Structure formats: C-alpha cells, structure tokens
Amino acid sequence: TGASNGIGKATASALAAMGARVVLVCRDRARGEAARAEIAREAASDAVELEIADLSSQAEIRGLASRMAVAHPRIDVLVNNAGAVNTVRTTTVDGLETTFAVNHLAYFLLTNLLLEQIRAAGRGRIVNVSSRAHMGARIDFDDLQGARRYGGMRAYGQSKLANVLFTYELARRLAGSDVTANCLHPGVVATGFGHNNPGLLKFAVSMIRPFVLDAGRGAETSVYLAASAEVAGVTGQYFAKCKAVRSSPASYDTATAARLWQVSEELTQPRTDAPARGGGA
C-alpha cells in the first residue's frame with residue numbers, strides 16, 4: 001500500500017525486479033498509473049498491477065479486499081506501508097481521526113480482510129511499516145481520536161506504536177500457522193511524507209532532506225522482510241536495518257495490545273472470521 005512514491009514505490013520496484021507479481025495500492029489514479037508504468041518498464045515485467053483505494057475510507061478498503069479476493073486468491077506478502085502525518089486534526093469519511101485511521105486502522109482492517117488469501121499462500125508474510133517515532137509514545141484509550149487534545153507528532157507516534165502492538169498481537173493470534181507478521185523502522189527517508197502540512201513541519205522535513213536516506217535505502221528492510229529466506233518462519237519481531245531489534249517497552253504490553261485489538265475491531269467491524277487467539281491455519 002502507498003505505492004505511488006517513496007518507500008512504497010521503491011519496495012514494489014525491488015520486488016518486481018525479483019520476479020514477483022506486484023499489486024500497487026494507490027490513492028491517486030494518475031500517480032498510480034505513472035508508478036505502475038515506470039516499475040513495469042524498469043523490471044521488464046508485465047506482472048505489475050494497480051488498485052485504486054483511499055485507505056482513509058473503510059468502504060474503499062473493503063472494496064479493495066473484495067477485488068483482491070477475486071483476482072488473487074493467494075497472497076504471498078502484504079506490505080502495509082501507506083501512512084500520513086497531520087499537524088492539524090482532521091477526520092475521515094468514517095468520522096475517525098485521520099492519522100490513526102490511515103496509519104493503524106487501515107493496516108488492521110485490510111490485513112484481517114485478506115487473511116484468508118494470505119493463509120492460502122502457505123507461508124504468507126505480513127510486513128507492517130512502523131517507525132522509531134513509536135518510542136516514547138503511548139496509547140491514550142481515553143482520547144484515542146485526539147478529540148480533546150491533539151498534536152500532530154503525538155498522534156503520529158501513537159499510530160506507529162499501534163503498528164507495533166498490532167504486529168505482535170497478530171503474531172500471537174496466528175501462532176501455529178505458517179503466516180508470519182513483522183514490523184520495521186525504515187530509517188529517516190527522503191520522500192514526500194509530511195509535505196501535505198503547511199508551516200513548521202514542512203519546513204523541517206525540507207531542511208533535513210539532504211541528510212537522510214533515499215527511498216531505495218529506506219525500502220531495504222521492507223524488501224528483506226518480504227522476500228529474504230533468512231526470515232522464513234520469523235514472526236512477531238521489530239526490525240531496523242534488516243536486523244531484529246528491541247522496540248519500546250510499551251510495545252511489549254500484552255494487555256494494551258489485546259485492548260487495542262478489541263477497540264480496533266469495534267471501530268472497523270472486520271469479518272467474523274478474523275483470527276481468534278491461538279488460531280492456526
């Protein structure tokens with residue numbers, strides 16, 4: 001997801017070059033078509049497809065999942081990559097705070113809706129792009145949507161912690177199956193991320209751009225988790241620079257992870273065949 005530019009596009013390009021059939025999920029059709037054509041040309045591949053979906057909309061996520069179920073009954077790898085940061089609080093068409101909805105709930109809902117196809121692949125992999133920004137964050141269940149107190153980076157950090165908690169809980173719930181779930185910090189990467197915001201954040205992102213990784217380097221850990229034989233069977237881990245490392249202390253709180261899963265189910269209402277704790281394939 002989020003494959004029209006930045007880390008998502010670089011990840012898709014690398015996987016296509018390895019010979020994978022790749023489906024790009026993009027919000028904007030023109031940018032998505034341009035990315036698809038470029039990746040297909042560079043990889044000399046006719047197996048690069050495009051799906052259009054705005055992942056801030058649960059209806060569009062469900063539509064995407066339905067189309068994928070028909071077109072691709074087996075999915076080897078799902079890379080949840082699309083993300084957003086907003087200095088000003090906004091809400092989605094579903095009435096949810098946008099950063100939390102796009103960065104966490106979209107991962108949660110799309111993954112649950114595609115689990116049947118991922119299980120069917122045999123050794124399916126789920127890769128969730130998080131961030132070191134989760135360090136020091138906490139899940140504020142009393143103000144999860146930032147309705148009482150909102151800060152752009154606070155909301156972003158909470159959403160990235162949610163990615164890690166979700167990954168660990170998903171891995172626990174898939175124990176006994178052949179499906180793995182891991183998450184990662186891609187590094188500080190020079191992409192268009194953050195440029196939708198006016199003022200200080202946009203200025204700060206522009207100032208640090210010369211000192212950060214390009215998108216290709218930023219995609220290395222995503223590609224590693226998606227394709228490397230070295231991580232076959234590895235699950236429930238947080239990676240940086242293609243190495244498993246410790247995430248924040250808060251991310252290992254199993255009670256918080258279970259509560260976040262429950263709240264996420266209430267906010268998204270995924271299919272009733274979402275994985276139960278301890279369920280295998």
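Let's start at one residue pair: V77 sits opposite R125 of strand 4. Strands here are DSSP runs of E, at least two residues, and helices are runs of H or I, at least four residues, both numbered from the N terminus.

A word on the source. This is a predicted model, where local features need pLDDT of at least 70, side-chain atom pairs count only at pLDDT 80 or more, and totals for chains, interfaces and linings use all residues. Residues are numbered from 1 along each chain as its sequence is written, and side-chain values use heavy atoms, with hydrogens and water left out.

Back to the strands. Strand 3 covers residues 77-80, and strand 4 covers residues 125-129. They run parallel, joined by four bridges; pairing takes at least two bridges in DSSP.

What do strand 3, helix 4 and strand 4 make? A right-handed β-α-β unit. Right-handed means this: with the strands pointing away from the viewer, the path from the first strand over the helix to the second runs clockwise.

Now helix 4. It spans residues 98-120 and contains E116. The cut-offs are under 20% for buried, over 50% for exposed, and partly exposed in between, with a 1.4 Å probe and protein chains only. E116 and I75 are 41 residues apart along the chain, and 8.9 Å separates their C-alpha atoms.

Last, the whole chain. It has nine helices and seven strands. Of its 281 residues, 52% are buried. Take contacts (heavy atoms within 4.5 Å). Among those between residues at least 6 apart in sequence, 76% join residues at least 24 apart.
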